[in-house]
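Thanks for coming. I will walk through one model this morning, strand by strand, and then look at a helix and a cavity.

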Amino acid sequence: MAATNNTQDGVTPPEPHKIYDTILVLDFGSQFTHLITRRLRELNVYSEMLPCTQKLSELTWKPKGVILSGGPYSVYADDAPHVDPEVFNLNVPILGICYGLQELAWNHGKNVAAGEKREYGRTALQVTRHKGKLEHIDRLFEGLEDGLEVWMSHGDKLSQLPDRFVTIAETGSAPFAGVAHEEKEYYGIQFHPEVTHTPRGSQVIKNFAVNICKAQQNWTMESFIGKEIERIRALVGEKGQVIGAVSGGVDSTVAAKLMQEAIGDRFHAVFVDNGVMRLNEAKEVEETLTKGLNINLTVVNAGELFLSRLAGVADPEKKRKIIGGTFIDIFDQKAKEISEAAKNTPLAGNIEWFLQGTLYPDVIESISFKGPSATIKTHHNVGGLPEKMNLKLIEPLRELFKDEVRALGTTMGIPEDLVWRHPFPGPGIAIRIIGEVTPERIRIAQEADKIWIDEIKAAGYYRAISQAYAAVMGVKSVAVVGDQRLHGEVIWLRAVQTTDFMTADVFEDFSVGWLKHVGARIANEVSGVARVGYEITGKPPATIELE
């Protein structure tokens, strides 16, 4: 497969780190590393994350500054990861956080040892000022008061100051909680400024990125739109054609709108109605994308085919594979038809590109020092299409977090209800039905889900919830409807809050009375429902989706 930055005429469009001042975050495997990048982006400073093993000689760009992340290792261990020594020859400011501080010290005297006990939780940080002596020393904590509350999570700590460093902060148990080099703009802190448990942590990160590194705060979705459209046009060329699957979710919709802005009707969006969408969703998606956003859309009604292949199948992984495989078959055929038809248009050109809505968290997981996560379940996105169809990938959102995608959608005029729509899995309601997927169970799931989401919106909870749905548990229960006995389905309601979807907490703001009201509506209005429950398990141990 060709790389996404190769064009047909040899032009290589500039990537963001070649346009914007960029802070490079080197990952040592901390669970918080991605938050460093997020905090920088929130400050409108562009940042990219790479594994700590990255060879600096392989970079084609120079960062404005480098942040060394935390990590679960001990720098003095034989198998400890270490940064490429060339990072200290870049002549740019460096900030080490937790393990990053210890890595900084390890490269300047190796004065790191195991602490007497692990320090975990909030603590007060006392800042040491060096007014007039060393001008750059105080910049990291500029504007921050003594007694700053910070979040600690470490077992090792500095045993003494590294060579040519001075103390700039301390805590009751960490005398070198903040250090700085006497001459170079090298800083190290033992606490984590990127987590919300450090209330003024963003100010520390801003002081480093903006005041010390002098990075411009020009990373905005307004600037991204124009530059990304230019990049897409350079990639695709004047006659190139792009095809992409859309689902009606925020990621695929924003990506589709961006492609439409860039190349117009040479982008061919395909929406496959698999018969396991939410109630009235297929019609709503079609109207939104065509009439609302003027996207060149082809709709394939394939519900009967999907359901025929799902008949009698109860295993969740088999459901996913059947739905994914059927989608690939349908999409492949439709792509060939569109490609053939495109040859007869005024802007004739073969379809050589496949639009994919990859986001930066997907990229981060794949390049993390610890490597991709173990497979818990097959990913919701359909895979295998570009290889099968001999297409090159184009991924306009791959540098963006979910909140940036939403900001981009708002900037481009996409309706708010679509921008803030909850995620919906590729296999749809099929994985929200335990056991066999039947037309009757689909109807029950759709109707119950519609009531659940409508009530959530009416109560003003929707934006506070990251994902919510109603599921059919696949077991029957006895109920009494009127004077008759009903052996009906059990509905499970779910609502969670999360920032990254890697972990999630159950939404706790519902009152029992309100839940009783919703449950009564579903039991009374959805034929075939015997009882309703609210699911309270977080992630982990549960996954967000039921299967």
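Val179 stands opposite Gly188 in strand 9. Before I go on, a word on the source: this is a predicted model, in which local features need pLDDT of at least 70 and side-chain atom pairs count only at pLDDT 80 or more, while totals for chains, interfaces and linings use all residues. Residues are numbered from 1 along each chain as its sequence is written, and side-chain values use heavy atoms, with hydrogens and water left out.

Helices (H or I, at least four residues) and strands (E, at least two) are DSSP runs, numbered from the N terminus. Two strands pair if DSSP finds at least two bridges between them.

Back to strand 9. Strand 8, residues 178–181, runs antiparallel to strand 9, and three bridges join the two.

Is strand 9 covered on one face or on both? Both faces of strand 9, residues 186–189, are covered: Tyr186 and Gly188 are buried on one side, and Tyr187 and Ile189 are buried on the other. Buried here means under 20% relative accessible area, exposed means over 50%, and partly exposed is in between, with a 1.4 Å probe and protein chains only.

Strand 2, residues 46–51, has six of its six residues buried. On one side these are Tyr46, Glu48 and Leu50, and on the other Ser47, Met49 and Pro51. Strand 1, residues 22–27, runs parallel to strand 2 and is joined to strand 2 by six bridges. In that pair, Asp27 stands opposite Pro51.

Helix 3, residues 99–106, is also mostly covered, with eight of its eight residues buried. Among them are Gln102, Glu103 and Trp106.

Strand 13, residues 351–355, pairs with strand 14 over three bridges in the parallel sense. Phe354 is opposite Leu393 in strand 14.

Gly292 lies in helix 7. At 56% relative accessibility, Gly292 counts as exposed. The C-alpha atoms of Gly292 and Ile414 are separated by 8.3 Å, although the two residues are 122 apart along the chain.

**A cavity**

How many cavities of 30 Å³ or more are there? The count is two. A cavity is a set of points, on a 1 Å grid over the protein atoms alone, where a 1.4 Å probe fits but cannot get out, and lining residues have an atom within 4 Å of a point. The second largest cavity has a volume of about 30 Å³. Its lining consists of Lys157, Leu158, Ala174, Pro175, Phe176, Ala177 and Gln190. Those residues divide into five nonpolar, one polar and one charged.

Key
On a 1 Å grid over the protein atoms alone, a cavity is a set of points where a 1.4 Å probe fits but cannot get out, and a pocket is an open set with protein on both sides within 12 Å along at least five of seven lines; lining residues have an atom within 4 Å of a point. Grid points are joined across faces, edges and corners, and a volume is the space filled by probe spheres set on the points. Ala, Val, Leu, Ile, Met, Phe, Trp, Tyr, Cys and Pro count as nonpolar, Asp, Glu, Lys and Arg as charged, and the others, Gly among them, as polar.
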